[in-house]
Each structure stands twice: as C-alpha cells, then as structure tokens.
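Please look over the structure shown here, together with its sequence. The report after it covers a few local features.

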Amino acid sequence: MRLAFCIFKYFPFGGLQRDCLEIAHTCRKRGHDVTLFTMEWDAPLPQGMTVRAIQSCGLSNHGQCNSFVKLVLPQLQTGEFDVVVGFNKMPGLDFYYAGDSCYQERTRLKYHWQSPIYWMMPRFRRYVALEKAVFDPRSPADIILLAPAHKEVYARHYNTPAERFHLLPPGISQDRKPPTDAGRIRTSFRRDHLRSEDGHLLLMVGTCLQGKGVDRAVRAVAALPRELRNHTTLVTVGDDRMEPCKRLAARLGVGSQLRMFSPQHDIQQFYLGADILMHPAYQDNTGSVILESLAHGLPVITTDTCGYADHVSAGKAGIVIPSPFRQDLLNQSLTDYLASPSNRQASAVNGRSYAASLDLHDRAHLVALLIEARAARERHALH
C-alpha cells in the first residue's frame, strides 16, 4: 500500500512525533510505502521513506496550520495514496491518531470566564474547525484513541458515532523498557547527580514541562520541611521555555535544588536514578512517562487529568491528586512520600509488577493492522 502520514511539525523527542515515526517504520517493515507530510522536520531524514516539507505561511500557529492544510489536501486527493493517517486534526484523513485531547473541551473549561468573546477569536474557530473535520458524524475518519475517557468527550461535542473509535491498549516502546543492569545504572546516576548520598531525586520528563506542571513541582519542593528540602533535587528533562521556572525556583529559595537537562536519548538512566516521578500536569492526553516510570519501578505522583493516571491508582504505584487541583495537597503528599521510604519501596514493587501484568503492547503494530484492515475492506467494497 501507499500510505500518507501527516504531522504539523516533527521534532525527535515529542511523544506524538515518536509514535508517528515508530508507526511509519512498522508499516514500512510490513511492505508499505510511506510518505510523510509536514511543515517542519527537525531531525535526520528517515531511511526508506519520503518526507515532503510543505512551505506553509502565517503569522500565528493556527494560521500556519490552516495554510498547511490548504496546501497538502490537493496532494492527498490525487489518488496517489491508499490510506491517509493524520497525527494532528485536519480534513482529508482516513485515520486520526488521537495523541491530543479534545481542544474544544479543554479550551471551554480554561476560558469559560471569557465566553462568548473567546469563542469568536480566529484561533478558537480555526482549531475547532480542524477538530470538527475529524469528529463530525459525516467525516470518514476512523479515530485511534489512546485514552478511553476521551471517547465520551468527543462524542458529546461532535456526536461522533461510536463505531469510528478504536481504543489502543496501553503500551511503551521497546527502548523504554528497563535493562538488565538497572542497579548499576542507578548507582552511577545518583553518584553523579545527587547533592548528598542520602538525598532524594525527583524527576520530570516532557516536551512541554509548563503544561506538565513544573511550577507545581517547584512549589511542592519549596514547601518541604527544611531538612527534606535541603536533601531534595528536582531534575527536569525536556524542551520548553524554562526561564519562568528558574525565576520561580529562585524566588522560592530552591534555585540550587533545580537541575535542568535538554531532551535525552538515554532517558532510562533518569528513570532508574530517580526516587519519584513528578507529573502534576494541568492536562495530559495520556502521560506515557507514567507507564514508563512504572515499568522501571519509579513511583509516581500525578494528577487525575492525565489519561494514564488510572494506572497509578490501579497498580498502587503512587499518588493521584484529584481535581480540582490543590497545591497544598500536592505539597503534603510529596512531604509524606519522601518521609516514608517503605511506602515508596512498596509503590516501586507494585509498579513493576503491575506494568509486567499489563503486557504492554507494541501499539505501532496494532495501528498497522487497523490501517491494513480498512484498506482491505475498501478494496473488497470496490469489487
């Protein structure tokens, strides 16, 4: 088959971007031709696939996205491709890989106090139009869901038929599973990065750390009792505008406890070296770092606005802060958790056991099967 994959921007450390390329490689290995359409490809070009860069224009993000859609649609409609898979919301798709939550839902919740003025803004109207192109009852797009809760949300806003949703089981990449020499890696990492031998290391990982609640994590560290605070380091791994975070940490007196790293290919050493994953996100469609942490025996403190937060509760592998979010509850939860090594150890054991019981799937393989099944049905219908 000839497959077209569409993604607005590709950069090597984004979760959605990694999923896109992993699925593309899987489809290629299964004998299919893959062409990737994008506005920007910030990585080495993948072998065996074609990347078509679309020179979109526009002063705003929504303007650039609109330009990309207008330019790419004629190329998708020539009959060159058997199946079109989108990793961002846009018209012309056969499949949409739902790596993001419902834009209309989260925007209405965030800006409810500004309605109806905000709903008239070009940004809102453009992104809702792109979302409606996928989820409208008349759209032909099948939707690949990563979090079951989002099915009801999309259906409520767009009346999307239930049969168009395909829920993927939880999964992590093969390169994100713990190695056999985990103990050695942990010892080495902690020797290099801890302030003291009896110190605590908190970890945050993400491509948008502000959205993942890095400010909440900094405030929780600052609220620790002095003895705990002086022996605690918050390590962030990601790519974001971190100056506001630095200023906040300095203002709260914990600037020296904050260590920031750019995105890392070898993220496993951070999972293995840390004591707790902090993921108090404002909103996260899934939170793959949560599953990766459980697999590595790393306890998790997260919020119930993350799609995979239920796995923390089900696996008894950490703490889930309920909505509406309260900073004081996060502060106290972190203090209690750091003060109780036995609880953290129990969470670590539980997390590893739970992750092993999930039989974490190769989701790229499952997506390839869905694509092939739809193509087979359409060929059968033509005959």
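This is a predicted model: local features need pLDDT of at least 70, side-chain atom pairs count only at pLDDT 80 or more; totals for chains, interfaces and linings use all residues.

## Helices H7 and H9

Helix H7 spans residues 214-222 and helix H9 spans residues 243-251. Their axes come within 10 Å and cross at roughly 15°. Angles under 35 degrees count as roughly parallel, and H7 and H9 are therefore roughly parallel to each other. The crossing of H7 past H9 is right-handed.

On the H7 side, the contact is made by Val 214, Asp 215, Val 218 and Arg 219. Their counterparts in H9 are Cys 245, Leu 248, Ala 249 and Arg 251. The residues of this contact divide into five nonpolar and three charged, with no polar residue.

## The cavity

The count of cavities of 30 Å³ or more comes to one. About 40 Å³ of space lies in the largest cavity.

Which residues line the largest cavity? The lining consists of Val 218, Val 221, Leu 234, Ala 249, Val 254, Gln 257 and Leu 258. By class, six of the lining residues are nonpolar, one is polar and none is charged.

## Helices H2 and H4

Helix H2 (residues 61-76) packs with helix H4 (residues 122-135) at an angle of about 35°. The axes of H2 and H4 are 9 Å apart. This crossing is left-handed.

H2 contributes Asn 61, His 62, Cys 65, Asn 66 and Val 69 to the contact. These residues meet Pro 122, Arg 123, Arg 126, Tyr 127 and Leu 130 in H4. Here the contact residues divide into five nonpolar, three polar and two charged.

## Backbone features in loops

Where is the cis peptide bond? It runs from Ser 323 to Pro 324, and its omega is near -5°. Pro 324 sits in the loop that joins strand S15 (318-321) and helix H13 (327-338).

The other backbone feature is at Asn 159, where phi is near 55°. This is a positive value in a residue other than glycine. Asn 159 is part of the loop between helix H5 (149-158) and strand S9 (165-167).

How values were computed:
Residues are numbered from 1 along each chain as its sequence is written. Side-chain values use heavy atoms; hydrogens and water are left out. On a 1 Å grid over the protein atoms alone, a cavity is a set of points where a 1.4 Å probe fits but cannot get out, and a pocket is an open set with protein on both sides within 12 Å along at least five of seven lines; lining residues have an atom within 4 Å of a point. Grid points are joined across faces, edges and corners, and a volume is the space filled by probe spheres set on the points. Ala, Val, Leu, Ile, Met, Phe, Trp, Tyr, Cys and Pro count as nonpolar, Asp, Glu, Lys and Arg as charged, and the others, Gly among them, as polar. Axes are lines fitted to C-alpha atoms, for helices over the stretch in contact, and angles run from 0 to 180 degrees between N-to-C directions. Helices (H or I, at least four residues) and strands (E, at least two) are DSSP runs, numbered from the N terminus. Angles under 35 degrees count as roughly parallel, over 145 as roughly antiparallel, 65 to 115 as roughly perpendicular and the rest as oblique. A crossing is left-handed if the near helix is turned anticlockwise from the far one by less than a right angle, and right-handed if clockwise. Contact means heavy atoms within 4.5 Å.
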